[in-house]
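Dear colleague,

I am handing over the structure we spoke about, and it is shown directly below. My notes on what was found in it follow, with the cut-offs given where each term comes up.

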Amino acid sequence: AAAAAAAVSSPTATFTPLPTTIASNLIMSNYGASQGVDNDDGSSWFLIENNVFYAADGFKMDYGGHDSTFRSNLVVIVPYDGQNCYDVETFYADHAHRFINNTCVSGVSPNRVNSGCSSPLTCPQGAASERLGPLRMFSSRRAAERAEARGAGVDMDLLGSAASCDQAVAGSFLSSGNRFFSLHGNASITCAGQAMDIPAAQKAYGIESGSTFGKLPSADQILSWAKELLPS
């Protein structure tokens, strides 16, 4: 009791918790699981680092999550729902998520995995995945989803979506120092509903400072990056 009272009266005491750390894992989000770690429904104060995610979208936030960091991960994405490397909504000032020094490889398969198939044994034949048509550019993730529902495919070069990208505005999503790889190498993100290539977003908003982009690497290169992150 005395120790608890001392902690409460200490000038260093805080209501901010230490982060929940998820580190050095190999996580496969198959059977339509979307993200390897789904930061949804108010999920906050997570540190997600040095993981390898396969068949997984990257970092997500909606419904009020905040103060989490996603850094130094390798995300290898099979076409799913178009969220790809990240998809985040708005934040309160000084409580935004951070997406830093990640390697995101988008579109390593020509097949799209459907949501809701918990096991190939329980899916109707052919429902677990389907062949994509020609990959197209859409104005936003939601536009891609609507087009996807009509069978028009998913744009794997559209790598991220943020409600606010302006790094000078408190509450904007913070993203920098990342490596992006996609089918055609013409990486783009959506900022407040407007799709733009990464150089344009860097110039307009300061987001993705120090980030690079290119075409899909070889399977051997992806495996090499994975081995660097995972314990031997």
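The torsion about the S-S bond of C165 and C191 is about -95°, so this disulfide is left-handed; a disulfide here is a pair of cysteine sulfur atoms within 2.5 Å. The sulfur atoms of C165 and C191 lie 2.2 Å apart, and the pair links distant parts of the chain, with C165 in the loop between β13 (158–162) and β14 and C191 in strand β16 (residues 188–191), 26 residues apart. Both cysteines, C165 and C191, are buried, where buried means under 20% relative accessible area with a 1.4 Å probe and protein chains only.

Before going further, please note that this is a predicted model, in which local features need pLDDT of at least 70 and side-chain atom pairs count only at pLDDT 80 or more, while totals for chains, interfaces and linings use all residues. Residues are numbered from 1 along each chain as its sequence is written, and side-chain values use heavy atoms, with hydrogens and water left out.

By the sulfur distance rule, the count comes to two disulfides. The other pair is C85 and C104, whose sulfur atoms are 2.0 Å apart; the torsion about their S-S bond is about -100°, so this disulfide is left-handed. C85 sits in the loop between β7 (74–77) and β8 (86–88), and C104 belongs to strand β10 (residues 103–106), 19 residues away. C85 is buried at a relative accessible area of 0%, and C104 counts as buried at 1%.

Turning to the sheet, five strands form an open sheet in the order β1-β3-β6-β9-β14, with parallel pairing; strands are DSSP runs (E, at least two residues) and helices likewise (H or I, at least four), numbered from the N terminus, and two strands pair if DSSP finds at least two bridges between them. β1 (20–23) and β14 (174–176) stand at the edges with a single partner strand each, so one side of each is left without a neighbour in the sheet. Strands β3 (residues 46–49) and β6 (residues 69–71) pair over three bridges, and the bridge partner of E49 in β6 is R71.

Finally, the lining of the largest pocket divides into eight nonpolar residues, no polar ones and one charged, counting Ala, Val, Leu, Ile, Met, Phe, Trp, Tyr, Cys and Pro as nonpolar, Asp, Glu, Lys and Arg as charged, and the others, Gly among them, as polar. A pocket is an open set of points on a 1 Å grid over the protein atoms alone, where a 1.4 Å probe fits, with protein on both sides within 12 Å along at least five of seven lines, and lining residues have an atom within 4 Å of a point. Helix α4 gives the largest share of this lining, five residues.

With best wishes

Notes
Buried means under 20% relative accessible area, exposed over 50%, partly exposed in between (1.4 Å probe, protein chains only).
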